[in-house]
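Let's take a walk through this one together. Have the sequence and the 3D view open side by side as you read.

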Amino acid sequence: MTISVFDLFKVGIGPSSSHTVGPMRAAQLFVSRLSSTGTLPATATVRCELFGSLGATGHGHGSVKAVVLGLMGEQPHLVDPVGAEPAVRAVREEGWIALAGHHRIRFDTDEDVVLHRNRRLDFHSNGMVLHALGAAGEVLERREYYSVGGGFVLDEDETGSPVLVQDATPVPYPFTTGDGLLGRTRESGLPVSGVMYANERVRRTDQEIREGLLRIRAVMHECVENGTRAEGSLPGGLKVRRRARELRTRLDNDPAAGGADPLEWITLYALAVNEENAAGGRVVTAPTNGAAGIVPAVLLHAERVLPGFDDDAAVRFLLTAGAIGLVFKENASISGAEVGCQGEVGSACSMAAGALAEALGGTPEQVENAAEIGIEHNLGLTCDPVGGLVQIPCIERNAVASVKAVTAARMALRGDGQHHVSLDKAVKTMRETGADMKDKYKETARGGLALNIVEC
């Protein structure tokens with residue numbers, strides 16, 4: 001296993017894991033490299049070029065802000081969402097930036113961060129090139145980085161393969177496919193979460209795994225709470241009204257809201273997370289920011305309706321979701337810029353469906369079936385954000401997919417795990433569909449709703 005559950009669930013800020021979290025990580029890695037090689041003191045200018053989807057929708061997705069923060073040494077999981085905007089505004093107004101937090105150079109945000117709207121690099125559509133220049137304009141360092149979805153970043157030394165390999169340490173139950181995962185559960189007698197947990201123990205102690213995943217859950221809870229308290233309109237020009245606060249008020253004041261129908265609450269959770277994401281708040285990539293509301297919504301649904309759903313159950317839920325996400329990351333993509341929104345919302349729906357199926361007592365075969373249903377009925381989903389913002393259709397799409405994940409889990413639990421289409425076949429189909437999909441439907445804001453809805 002080359003991908004950890006903590007690679008798939010990462011704390012960051014909105015509105016996009018590939019356009020915000022990834023570029024921030026890339027810029028921070030670049031200045032860290034300058035520091036480690038002793039090049040930083042001689043650096044007089046830094047220039048960052050964004051290509052493909054990053055260039056086409058970088059302004060709406062917060063990529064410029066992310067690059068500036070990364071150059072300052074900020075990291076996605078540590079940056080203060082409240083202080084981020086004032087810090088970037090100060091750089092823009094003053095014309096100076098402190099690289100890695102201490103090396104001050106002249107910096108013009110409009111001139112030194114270049115968005116190429118109609119050019120892309122060969123390896124991936126989310127490409128970046130960063131240059132460090134000396135006082136005479138000579139190139140001291142040049143690096144290419146690729147934000148390949150979910151906050152994953154590859155640099156030019158790693159792009160021989162589209163898979164990010166972070167740790168080659170052998171694990172007891174290696175798997176990269178759905179069939180492989182099922183095989184490991186059969187040979188070990190463990191549930192899907194148990195297989196993932198056993199593999200995680202190679203890298204972390206039991207306490208670190210538990211505390212880390214409960215921290216992820218805590219951030220998800222915090223995001224929902226923040227989203228249900230905020231009001232007004234989202235930034236970016238579309239003036240999309242935040243709805244989660246109003247919905248929460250209605251549910252809290254409705255005596256029947258605690259009844260059997262969970263759809264209103266699931267919708268609330270997803271809307272709250274994705275409104276926070278659109279506002280640049282702190283979220284968990286699950287597995288991306290654009291799909292960040294689905295796994296939390298289904299997790300909170302499980303906490304609300306399943307008897308005895310405690311901290312241990314939440315840990316198992318996230319481990320199961322992570323195991324399914326690994327299959328997508330290894331065999332297809334979770335990048336909207338690469339395969340459309342089927343790779344983001346579709347993957348998240350599949351992850352949440354499988355996790356809920358195990359929480360409901362499903363067998364590994366039923367978990368795999370739920371995950372397959374979750375992705376099969378998101379195949380072909382385009383990524384066409386209006387105005388290049390992660391708002392329309394992204395916010396409502398998360399709510400709809402959250403309900404769909406619950407339906408998928410329930411359908412799988414009514415069967416015996418036997419089904420015609422395997423998870424691996426559905427993932428392969430998603431990859432092929434993404435390859436066939438026109439670029440205008442892959443996070444460029446040049447097709448679909450993005451073309452037919454006039455910005456106000």
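This is a predicted model: local features need pLDDT of at least 70, side-chain atom pairs count only at pLDDT 80 or more; totals for chains, interfaces and linings use all residues.

Residues are numbered from 1 along each chain as its sequence is written, and side-chain values use heavy atoms, with hydrogens and water left out.

Start with the whole protein chain. You'll find 19 helices and nine strands in it; helices (H or I, at least four residues) and strands (E, at least two) are DSSP runs, numbered from the N terminus. The C-alpha trace spans about 70 × 50 × 45 Å along its principal axes.

How much of the chain is tucked away? Of its 456 residues, 59% count as buried, where buried means under 20% relative accessible area, exposed over 50%, and partly exposed in between (1.4 Å probe, protein chains only).

Now look at helix H4, residues 63-71. Nine of its nine residues are buried, so the helix is largely enclosed by the rest of the structure. Even Lys65 is on that buried list, along with residues including Val64, Val67 and Leu71. After H4 comes Gly73, with a positive phi near 100°.

Over in strand E8 (residues 153-155) sits Val153. Val153 counts as buried because its relative accessible area is 8%. Between Val153 and Phe9 there are 14 Å in space, C-alpha to C-alpha, and 144 residues in sequence.

Finally, the aromatics: the whole structure holds three aromatic pairs. Rings of Phe, Tyr and Trp (its six-membered ring) pair if their centres lie within 6.5 Å; planes under 30 degrees apart count as stacked, over 60 as edge-to-face and the rest as tilted. One of the pairs is Phe123 with Tyr146, edge-to-face at 5.1 Å centre to centre and 70° between the planes. This pair links distant parts of the chain, with Phe123 in the loop between strands E5 (113-115) and E6 (127-133) and Tyr146 in strand E7 (residues 139-147). Phe123 is partly exposed at 27% relative accessibility, whereas Tyr146 is buried at 4%. Phe309 and Phe317 also pair edge-to-face, because their planes are at 75° and their centres 6.5 Å apart.
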